[in-house]
Amino acid sequence: MSILTKALTTAAMATALIAGSAQAQDDMRIALVVKALGIGFFEAANKGAQEAAAELGGVEVIYTGPTDTTAEGQIEVINSLIAQRVDAIAVSANDTDALVPTLKKAMDRGITVISWDSGVAPEGRLMQLNPSSSPLIGNMIIKLAADNLPEGGEVAVLSATTTSTNQNTWIEEMNKVAGNYPNVKVVGTVYGDDLADKSYREAQGLMQTYPDLKAIIAPTSVGIVAAAQAVTDAGKVGQVNVTGLGLPSEMAGHVKSGASKSFAIWNPIDLGYSATMIAYHLAKGDAKAEPGATISIGRMGEVTLDDNTEAAMADPFVYDASNIDAFSSIF
Amino acid sequence: MTDATVTPTGRQIPDRLVSPLARALKSWEMLLLIVAAAIFIANSLASPYFLDPWNLSDATFNFTEKAMIAFAMAMLIVAGEIDLSVGSAIALCSTVMGLAMAAGAGTPVLVLLGLGTGLACGAFNGLLVARFGLPSIVVTIGTMSLFRGISYIVLGDSAFTGYPASFAWFGQGYVFWVITVELVIFAIAAVIFGIVLHRTNFGRMVYAIGNNATAARFSGIRVERVKFILFLLTGLMSGIAAICLTSRLGSTRPSIATGFELEVVTIVVLGGISILGGSGSIPGVVIAALVMGLVTFGLGLLNVPGIVMSIIVGGLLIGVIALPRLWTMIRRR
């Protein structure tokens with residue numbers, strides 16, 4: 001056997017091996033690209049994605065992302081996913097615009113691209129999945145206050161700054177639906193500027209101005225913690241309930257002490273689950289990403305795309321004494 | 001006095017202690033080349049997607065922009081200085097281009113502004129180091145915050161988008177088949193810097209300064225001037241990298257190119273440039289850039305998490321640098 005034939009046989013065997021391993025992957029491969037690895041919120045989203053994959057069957061979820069939250073790092077990751085010819089990419093973007101050229105390239109090569117959580121400009125994705133929507137959030141924060149006030153009473157809002165777009169929209173949406181909760185009387189709105197000490201003082205001020213205050217709604221993660229602390233320090237746990245939007249890790253203590261009976265925020269597990277479901281249906285071709293289309297998201301129901309091909313997943317998820325421990329270690 | 005005649009003694013002193021071939025085989029570049037080849041083979045065996053011309057072409061983006069700066073940085077480090085502000089200089093160049101784009105400037109103006117801003121950053125660093133004699137590491141740590149700080153003041157958390165379509169050519173265009181524009185710029189820069197450092201008087205001056213700046217000064221080399229030019233070159237290459245990166249991203253944010261400085265220095269050091277100055281070569285830097293690109297892309301194809309990837313890159317850097325030293329220590333025993 002000459003050296004040449006030996007070399008050729010080796011090369012042929014190597015090719016066969018490579019081809020073999022390529023054929024073994026007939027599962028649909030969905031890449032869940034996150035802002036950075038090692039963040040509890042995204043690890044939880046991955047949990048949801050794996051759940052969706054198990055439910056769908058024949059789906060492999062590739063959970064990946066850069067080490068730090070840079071657009072450049074995410075582009076390197078996406079390039080390597082394009083090279084692997086994954087079927088779908090679901091990305092929570094570090095940069096709305098910088099990822100667009102790379103994601104366009106992915107779509108040109110036949111990959112289904114969606115964004116979730118932190119979105120990408122419309123030309124860089126088929127659709128964007130938001131964890132919730134402003135009307136749903138506005139409704140949820142007043143509903144949380146009303147649910148814990150069977151006899152009704154006065155509630156006040158502790159917001160971030162007067163110019164915070166998100167908070168202003170949510171409060172506006174809350175006021176629109178306030179008529180559905182006749183028991184609850186919204187007596188005022190104060191601004192803690194998303195500073196812990198200012199929010200704390202504003203919460204103290206609310207309790208002094210309105211002695212009959214029954215609840216404080218703080219649709220900001222800084223404000224809700226400060227308000228809960230102020231209520232605890234004033235010895236009004238049980239009289240004034242603090243609710244709104246907060247992070248389970250920061251709120252765990254206040255939920256246990258009773259200062260906050262419940263609060264809401266998106267559930268990262270559901271978000272990862274839904275993103276995977278949508279990516280699966282779009283890649284498979286049994287759903288289309290166009291304005292007005294509805295896409296099934298398994299146990300979460302379905303989403304409807306708006307004119308910007310964005311969709312809201314669900315109501316914010318409610319955290320209370322029954323589930324706070326499970327989530328406080330996640331984010 | 002009689003004429004002293006040299007009598008042949010039968011013993012000859014060789015003009016070289018080691019033959020050129022043996023020296024080349026034992027050189028740093030050869031070691032790196034072997035590492036690069038090993039990584040290439042390992043990658044092709046590990047992933048069926050590696051040996052695809054388009055994929056390899058995409059992979060070059062992992063290193064081209066950083067490597068462009070690495071050439072200039074290599075010369076700077078050979079001369080005993082360093083520039084840690086290159087990532088921030090990219091951010092500033094990109095911001096200036098963004099401002100001009102928003103004011104309606106076309107591609108040629110954007111390119112000129114990118115290069116000009118890069119040169120200005122380099123001149124500022126060069127002035128502080130060469131003219132005022134400040135240590136370059138201190139100066140460029142300062143300008144690292146300064147340049148990026150200006151970008152943050154201009155942009156806050158907003159972004160410049162909507163660069164003209166013709167501008168996309170630099171970072172997204174192809175010259176021929178899978179050969180990207182960036183790869184061509186990288187290759188041209190490699191040749192130019194290789195010639196300048198290894199074949200010109202200026203290159204010899206750079207080595208002389210790195211080995212002994214005082215001796216270089218007494219030999220008539222205008223040390224400050226050479227250093228100033230080196231900072232200018234580094235600024236210019238940052239400007240070119242900024243044009244490529246901005247064009248590739250199609251947008252500018254103040255966080256652009258965060259952490260580039262350390263990756264550039266990693267490529268330079270891996271390329272065998274002594275961090276103490278005075279030695280190293282451009283071919284080494286070229287191979288080191290390829291090694292870094294191959295490693296990150298290959299691991300990416302296997303979906304190795306970025307955290308593990310940076311551990312491997314760190315291990316590779318220490319390994320490649322420590323091995324030759326360990327080897328000589330063992331042989332001396």
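# Reading a predicted two-chain model

Me: What is the mean pLDDT of chain A, and how many of its residues reach 70 or more?
Reply: This is a predicted model. Chain A has a mean pLDDT of 85. In chain A, 92% of the residues reach 70 or more.

Me: Where in chain A is confidence lowest, and where is it highest?
Reply: Start with the general idea. Where pLDDT is low, the predicted coordinates should not be read in detail. Now the case here. Confidence is lowest in helix α1 (residues 3-23) of chain A, with a mean of 44. It is highest in strand β3 (residues 88-91) of chain A, at 95. Over residues 1-25 of chain A, the pLDDT is below 50. Beyond near neighbours in sequence, that stretch has four contacts in the model.

Me: What is the mean pLDDT of chain B?
Reply: For chain B the mean is 90. There, 94% of the residues reach 70 or more. For the complex, the predictor gives an ipTM of 0.76 and a pTM of 0.78.

Me: Which domains does the assignment give for chain A?
Reply: Domain 1 covers 11-131 + 268-315, and domain 2 covers 134-265. The centres of domain 1 of chain A and domain 2 of chain A, taken over C-alpha atoms, are 35 Å apart.

Me: How many residues of chain B are in contact with chain A?
Reply: 27 residues of chain B touch 27 residues of chain A. On the chain B side, the elements giving two or more residues are α3 (53-59), α12 (223-249), α14 (282-301) and α15 (306-332) of chain B. The most come from α14(B), with four residues. By class, this side of chain B has ten nonpolar, 13 polar and four charged residues.

Me: How do I read a pair of packed helices? Which way does α6(B) run against α12(B)?
Reply: Two numbers come first. Two packed helices are described by the angle between their axes and the distance between the axes. Take helix α6 (residues 107-131) of chain B and α12(B): their axes come within 7 Å and cross at roughly 150°. Angles over 145 degrees count as roughly antiparallel, so α6(B) is roughly antiparallel to α12(B). The crossing of this pair, α6(B) with α12(B), is right-handed. Their contact holds 15 nonpolar, ten polar and three charged residues.

Me: At what angle do α2(A) and α10(A) pack?
Reply: Helix α2 (residues 40-56) of chain A packs against helix α10 (residues 268-284) of chain A at about 45°. Their axes are 6 Å apart. That angle makes α2(A) oblique to α10(A). The two cross in a right-handed way.

Me: Which residues make the contact of α2(A) with α10(A)?
Reply: From α2(A), they include A:Phe41, A:Ala45, A:Ala49 and A:Leu56. From α10(A), they include A:Pro268, A:Leu271, A:Tyr273 and A:Met277. The contact of α2(A) with α10(A) counts 14 nonpolar, four polar and three charged residues.

Me: How far apart are the axes of α8(A) and α9(A)?
Reply: For helix α8 (residues 221-233) of chain A and helix α9 (residues 248-257) of chain A, the axes are 10 Å apart. The angle is about 35°. Here α8(A) passes α9(A) in a left-handed crossing.

Me: Which residues of α8(A) and α9(A) meet?
Reply: A:Ser221, A:Ile224, A:Val225, A:Ala228 and A:Thr232 lie on the α8(A) side. They meet A:Glu250, A:Met251, A:His254 and A:Ser257 of α9(A). By class, that contact has four nonpolar, four polar and one charged residues.

Conventions
Residues numbered from 1 in each chain as written. Chains lettered and ligands numbered in written order. Predicted model: local features only at pLDDT ≥ 70, side-chain atom pairs only at ≥ 80, totals over all residues. Domains from an automatic or database assignment. pLDDT = per-residue confidence, 0-100. Contact = placed C-beta atoms within 7 Å. Nonpolar A, V, L, I, M, F, W, Y, C, P; charged D, E, K, R; others polar. Axes fitted to C-alpha atoms, helices over the stretch in contact; angles between N-to-C directions. Parallel < 35°, antiparallel > 145°, perpendicular 65-115°, else oblique. Left-handed = near helix turned anticlockwise from the far one by under 90°.
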